[in-house]
Amino acid sequence: MTVQRAELSCVYEERMETVRAEYEEINRRILEMKEEILEAIRESIAIRSVKSDPLPGAPYGEGPKRALEHALELGKKLGFRTGSMADRVGWVEYGDGEEMAAVLGHLDVVPEGDGWTYPPFGGEIHDGKMYGRGVLDDKGPVIGAIYGLKAIRDAGLKLDRRIRVIFGTDEENGSSCVKYYVQNGGELPAIGFTPDADYPLIFCEKGQLGWTVTRSRKHAEKSKLIRLEGGTARNVVTPRCVLEVEGTLKVTPGDGISVQEENGRTTVTATGKGAHGSMPEDGVNAAKKLFAAVADADLEEDLECVARFVREKLGGESRGSSLGIYYRDEETGETTVNLGIVRATPEQISLTLDIRYPKNADKEQMIKRVKTAAAEYGLEAKLEGQARLLYLPKDSELVQKLMAVYREETGTDARPLAIGGGTYAKTFENMAAFGPVFPGEQALIHQPNECADIENMIKSYQIAAAAMYAIAVK
């Protein structure tokens, strides 16, 4: 038995030496392409790929379509097979084999918002960091993965599975792009990861419920409400909110609250701080601040109902306790509730909610309670979309291989994580979120001044390339 164990140990060490040499070769080739990779990312960032009205051949608008075309053209230039489906999703592929391993990312971005120090679509480098919307989420990692294919090919590494880098263009608004891919016969990967979250690896993603809560305006023609608008996306903490009415309005002063009275109108502007909707505690919600500031004002009935709902069911916390939907699981965290967009039209006043829940939550009970809570204020809550809870066994092939790569590349004894953020990993079976943000690294995703440290960017692309190779070998 002792001899057998010694022989097995020897074989293992020999294999590990080979693996280390292969990873080192991948790392070297990625580093050699550093400037080329950064320039390709800069080109992608320059495209404002925010979803807009559909156009012929551009279901999500001109920007996402241009970003898709740029990535496909890059794949062709580097000598890979490329493909696309209905101008919604594209891919770059290398290798042979019946099974396919995938890297899944997205090229659409949330609106830039205000408060940038450097141009949001400039891709400028300052103090060792590249600034721009999408540099982390998720254009940088997608471009990095395409160059990862080149590193693997040029190193002459043998694969058992084909590797396909898949990129969608509607992730920030519900992932309809990849849903279309699945529903219309797109090839499904046997294994894969999405570089759209954090290292070392995400083994659990909370379930998600996306809501629109509305109040019809009964007498809009007689209303003094001129304007109510705030927020950029359901999954972003409202960074700014504006209320404009005819006449005067009683407003309680406060930090981030400004009032302007001019031409018989009063305009109240609340300024907060944006953050990802999965972590509302990292931001300051401007819509909540605004409705708190007008708590003593004489608002018309429709607006007052919405304001009271926000103050009493959302305003004091972000864990769902006031809505009766709070859950906590030791392994997968707590419920979170984010107020994203607030709008008024001649027909209605509306707001959006992004709710995320841990493994032990009762989803159906949550849905019932949100609807009941809204109805108490004369509002209608409509479930607009949902994403399943993702949970991967820690002893699975995927988790074991990705964690082995990360530990080897970083020299750390890291452990996989559970998060509130939702990623493309939920779209396919046997897929995990893996990078690109390192532990302790500041990630201004969905915020002004989104940026990435150049050294960390390149290291993350080296890790991703090694991981692509690892999951493509059986």
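1. Buried residues of H3. In this predicted model, helix H3 (residues 62-77) has the following buried residues: Gly63, Pro64, Lys65, Ala67, Leu68, His70, Ala71, Leu72, Leu74 and Gly75. Lys65 is on that list, and Lys counts as charged. The cover over the buried residues of H3 includes helix H2 (34-45), helix H4, and the strands S1 (81-85), S2 (89-94) and S6 (162-168).

2. Length and end of H3. The helix has 16 residues, and from its first C-alpha to its last it reaches 22 Å, close to the 22 Å expected at 1.5 Å a residue. Just after H3 comes Gly79, with a positive phi of about 90°.

3. H3 against H4. Helix H4 covers residues 139-154 and packs with H3 at an angle of about 15°, the two axes being 10 Å apart. Angles under 35 degrees count as roughly parallel, and H3 and H4 are therefore roughly parallel to each other. H3 passes H4 in a right-handed crossing.

4. Residues between H3 and H4. On the H3 side the contact is made by His70, Ala71 and Leu74; on the H4 side, by Ile143, Ile146 and Tyr147. By class, the residues of this contact divide into five nonpolar, one polar and no charged.

5. H2 against H4. The angle between H2 and H4 is about 140°, and their axes lie 9 Å apart. That makes H2 oblique to H4; the cut-off for roughly antiparallel is over 145. The crossing of H2 and H4 is right-handed.

6. Residues between H2 and H4. From H2, the residues Glu36, Ile37, Ala40, Ile41, Ser44 and Ile45 meet Lys139, Gly140, Ile143 and Tyr147 of H4. This contact of H2 with H4 has six nonpolar, two polar and two charged residues. Ile143 and Tyr147 of H4 meet residues of H2, and Ile143 and Tyr147 also meet residues of H3.

7. Pro253. This residue is placed in the loop between strand S12 (240-246) and strand S13 (257-262). Is Pro253 buried or exposed? Its relative accessible area is 76%, and over 50% counts as exposed, so Pro253 is exposed. Along the chain, Pro253 and Val294 are 41 residues apart, while 9.4 Å separates their C-alpha atoms.

Terms used. Residues are numbered from 1 along each chain as its sequence is written. This is a predicted model: local features need pLDDT of at least 70, side-chain atom pairs count only at pLDDT 80 or more; totals for chains, interfaces and linings use all residues. Side-chain values use heavy atoms; hydrogens and water are left out. Axes are lines fitted to C-alpha atoms, for helices over the stretch in contact, and angles run from 0 to 180 degrees between N-to-C directions. Helices (H or I, at least four residues) and strands (E, at least two) are DSSP runs, numbered from the N terminus. Angles under 35 degrees count as roughly parallel, over 145 as roughly antiparallel, 65 to 115 as roughly perpendicular and the rest as oblique. A crossing is left-handed if the near helix is turned anticlockwise from the far one by less than a right angle, and right-handed if clockwise. Contact means heavy atoms within 4.5 Å. The expected span of a helix is 1.5 Å times one less than its number of residues. Buried means under 20% relative accessible area, exposed over 50%, partly exposed in between (1.4 Å probe, protein chains only).
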